[in-house]
Amino acid sequence: MKSSLSGRKNLWFLLKQLGRMAILLFLVSLAAFFLVTVSPIDPLKVNVGQAALGSMSQEQIAKLSEYWGTDLPPIERFLSWAGDFLKGDMGTSLLYRQPVSHVIGVKLSNSLWLMAVSWLVSGAAGFALGTLAGANRGKAVDKVISAYALMTASTPAFWLGLVLLMVFAVWLKLLPIGLSVPIGMEAAEVTLRDRVVHGILPCLTLSISGMSGILLHTRGKMIQVMESDYVLFARARGESKSQIVFRHGIRNVLLPALTLQFASVSEIFGGSVLVEQVFSYPGLGQAAVTAGLGGDVPLLLGITVISAAIVFTGNFTANLLYGAVDPRMRKGRKSA
Amino acid sequence: MIKQRWGLAAALVLSAMVMSGCGKTAGTQDGKQAQAVTKSVEADNAGKKDGVVVVMNVSSEPEAGFDPAYGWGAGEHVHEPLIQSTLTVTDKDLKIGYDLATDLAVSSDGLSWTVKIRDDVFFTDGGKLTGQDVAFTYNTLRDTSSVNDFTMLDRAEAIDDTTVIFHMKHPYSIWPYTMAVTGIVPEHAYGPDYGEHPIGSGRYILKQWDRGQQVILEANPDYYGEAPKMKKVTVLFMEEDGALAAVQSGQADIGYTAASYTDLTVPGYGLLDCKTVDNRGFNLPAIPSGSVSEEGVPLGNDFTSDVRVRRAINIGIDRDEMINNVLNGYGSPAYSVCDKMPWHEPSAKIEYDPEGAGALLDEAGWIMGSDGIRVKEGKRAELHFLYTAGDSVRQALAADTINQLKKLGIDGQMEGAGWDTAYDKAQTQPLIWGWGAHTPMELYNIYHTMEETGLASYSPYASQKVDQYMDEALAESDLEKSYELWKKAQWDGETGITQSGDIPWIWLVNIDHLYWVRDGLKVADQKLHPHGHGWTIVNNVDQWSWEP
């Protein structure tokens with residue numbers, strides 16, 4: 001009896017979350033569409049180019065502006081897009097002249113593992129370093145780690161990317177200058193090792209720049225914990241410092257760190273846009289820039305919805321994990 | 001807290017400097033090693049090296065693939081489609097030659113073009129290229145909405161395997177220039193995914209396309225023409241910094257660059273300087289202010305509506321000085337939108353003459369005021385120069401123009417604008433433009449009036465005589481004679497758009513296209529490049545070679 005009740009509660013919780021996601025995606029796509037329509041970019045002039053327009057007849061220009069939909073009312077365009085989207089058709093990219101789902105599929109498979117690895121590395125390393133610094137507050141190791149975190153927090157990702165590129169690719173010639181596969185190599189010959197080697201610099205850039213947030217928060221929280229009464233009590237009981245950190249510290253710090261880490265999915269996403277430009281890495285970020293600057297509305301909306309869904313999933317996962325990490329939260333949810 | 005932050009910043013800068021210092025010494029050593037390695041490799045397979053890695057800018061990648069129906073070969077940067085053959089080709093002087101075509105004939109009314117084509121051409125899938133394929137290509141391209149302009153084509157008709165007739169809606173003498181960038185696709189193998197898997201009869205086969213990264217082309221072993229010397233061409237798409245990094249790390253053989261990077265020296269690489277028609281110039285509204293267009297855009301400018309003012313500005317600008325100041329010397333003076341093209345009128349060239357310019361302004365009633373700026377009826381001689389924001393070269397050209405005009409007594413300000421507003425603002429003020437196409441249509445669109453408004457489209461100007469010459473040029477059945485008519489539109493002895501005529505546009509410079517080229521790579525002679533860095537550099541990549 002009791003278990004079926006909690007099952008229904010869980011289902012209700014899930015449905016509520018899915019409903020929120022649907023509303024969120026609708027609002028996000030509406031906002032993105034609104035921004036595109038008020039943006040001063042004229043897709044015709046941007047994509048066709050001034051010099052090309054110059055050698056084209058007025059008749060042809062009229063034909064093209066029809067293709068780019070510059071003469072259709074915005075509401076009409078949005079409704080037709082949204083209608084198709086609900087039927088599972090994301091439309092056809094105006095620039096690539098291919099189905100949006102196909103374009104996004106190709107790009108996402110390129111950048112998803114890049115983002116996933118950077119996200120994991122930055123999370124794990126940030127948490128470990130933050131704990132280390134917080135547990136040793138004021139000591140040399142804390143000072144070094146904090147200085148490093150403050151420095152990377154104020155470093156733009158693309159600049160960091162350029163520096164790494166200069167050092168490791170141009171001067172030391174250790175790593176490739178960019179792209180996700182070796183230059184001039186046929187797809188069949190590309191090995192997993194090649195892909196990994198080409199992912200190192202972008203991953204490193206994203207990890208370093210994504211690490212500082214979680215590091216600084218973990219450090220702050222750790223300091224709080226170390227000053228708390230229960231740690232004082234533990235100390236009085238004669239527990240060693242490492243015991244205290246592992247038994248009391250990490251358990252209490254993990255929760256806010258998880259929230260932060262899952263919320264940082266959006267930051268990794270944003271960072272990847274810039275990093276992909278620097279390393280000529282053909283991911284979703286690059287496609288978003290092309291779509292945005294080129295006024296490719298169906299592609300841009302498609303990418304926006306997909307990214308919003310990924311970020312939402314990140315936050316949603318954090319919600320679920322709370323319960324797993326801290327039983328008190330689970331109880332709270334049930335009684336609510 | 002603030003002190004701490006500054007300390008951090010200082011530490012950051014210091015560490016960056018230390019890093020760059022160490023890096024540089026390490027880099028040179030490494031460079032030497034790398035050179036030694038390449039040399040030994042080269043010695044091993046001497047004469048065997050037959051591939052090249054080219055870096056282009058990111059916008060050169062054709063988003064919709066290598067499908068002529070969606071603009072491959074045409075558009076902003078016209079070039080040879082490489083994978084497909086074309087009916088005609090343009091030679092080094094932009095005259096027309098034959099590729100697939102063996103004979104061209106146009107009817108006396110200019111309404112039908114009969115083209116004979118070669119009988120010995122096969123697509124790379126083994127199918128024979130026939131007149132049906134040609135007709136199919138042109139009819140398909142006419143019906144798709146892309147940058148290719150086929151509005152003058154009524155229909156293409158294949159008479160037999162080797163004859164095609166193009167029925168035109170109206171005469172279009174420069175049709176051979178359209179044919180030179182239109183790749184022929186096979187009717188039997190054409191479909192929605194053609195752009196990703198193109199089949200053609202050109203010099204190269206598309207081996208692989210890693211979207212957003214690179215394109216690998218391989219020589220077509222069954223090519224009907226001279227076999228390409230370069231067997232493999234790899235094209236990378238990178239931003240300007242990435243392109244430089246690719247060259248500096250020795251991973252590319254040729255990469256585009258800009259004049260601002262030419263102070264660098266890259267060991268093992270030299271600078272290739274390609275001449276272009278990639279011009280920059282500005283418009284001067286030729287009608288007085290006061291009127292508005294149908295869309296409510298204000299038109300005209302009282303200062304520049306006086307032809308003497310426009311003539312004074314044209315001869316009052318020292319183009320050579322501008323090239324040195326702005327382009328580090330990598331450019332040539334521009335006197336028209338089509339310098340050195342077959343339809344270019346040579347008398348457009350003028351000498352720098354500041355005294356003459358001053359005299360013209362005096363004559364127009366603009367008398368030098370006490371502050372060094374001319375005045376007329378209480379109005380100051382002022383121009384408001386627009387440039388497209390984010391384009392440093394155009395910005396610098398605007399600044400240099402303003403400096404030079406100050407000496408003539410014309411005050412200038414400058415303002416960055418986006419393309420969204422620039423087109424409208426240019427109807428009343430000068431804007432720094434960039435043009436340069438391999439077709440006289442550009443001349444037509446800049447100077448010819450539009451039917452609806454009776455004014456030219458980018459800057460208000462109208463001349464019946466100029467319109468008439470250009471209409472006659474398009475209607476002319478003989479291409480050589482049409483060149484003469486295009487020239488007459490520029491200057492016929494009495495009127496035109498050059499210095500002695502109406503001069504509604506001032507042309508400043510043609511910007512050289514610059515490339516880092518690895519020592520030993522012999523890049524074949526280039527045609528005058530059109531506007532923009534792009535695929536034009538590899539127009540004749542089949543003739544490039546490595547020196548032993």
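In this predicted model, chain B has an average pLDDT of 87, with 91% of its residues scoring at least 70. The pLDDT stays below 50 over residues 1-47 of chain B, a stretch that has 18 contacts in the model beyond near neighbours in sequence. Where pLDDT is low, predicted coordinates should not be read in detail. For the complex, the predictor gives a pTM of 0.81 and an ipTM of 0.75.

Chain B contains an open sheet of four strands in the order E14-E21-E13-E20, paired in antiparallel fashion. Strand E14 (331-333) and strand E20 (432-435) of chain B form its edges, each pairing on one side only, and neighbouring strands are turned against each other by 30° on average, direction ignored. Strand E13 (residues 279-283) of chain B is joined to E20(B) by four bridges, and Phe282(B) has Ile432(B) as its bridge partner in E20(B). Helix H6 (residues 319-327) of chain B lies across E14 and strand E21 (505-511) of chain B, and runs at about 50° to E21(B).

The second largest pocket holds about 1,300 Å³ of space. Its lining comprises 45 residues, with Asp42(A), Lys45(A), Glu295(B), Tyr423(B) and Asp424(B) lying nearest the centre. By class, 23 of the lining residues are nonpolar, 12 polar and 10 charged. Elements that each supply at least two residues to this lining include helix H1 (2-38) and helix H14 (297-325) of chain A, as well as helix H9 (419-425) of chain B.

Definitions and conventions. Residues are numbered from 1 along each chain as its sequence is written. Chains are lettered from A and ligands numbered from 1 in the order in which they are written. This is a predicted model: local features need pLDDT of at least 70, side-chain atom pairs count only at pLDDT 80 or more; totals for chains, interfaces and linings use all residues. Side-chain values use heavy atoms; hydrogens and water are left out. On a 1 Å grid over the protein atoms alone, a cavity is a set of points where a 1.4 Å probe fits but cannot get out, and a pocket is an open set with protein on both sides within 12 Å along at least five of seven lines; lining residues have an atom within 4 Å of a point. Grid points are joined across faces, edges and corners, and a volume is the space filled by probe spheres set on the points. Ala, Val, Leu, Ile, Met, Phe, Trp, Tyr, Cys and Pro count as nonpolar, Asp, Glu, Lys and Arg as charged, and the others, Gly among them, as polar. pLDDT is the predictor's confidence in each residue, from 0 to 100. Contact means heavy atoms within 4.5 Å. Two strands pair if DSSP finds at least two bridges between them. Axes are lines fitted to C-alpha atoms, for helices over the stretch in contact, and angles run from 0 to 180 degrees between N-to-C directions.
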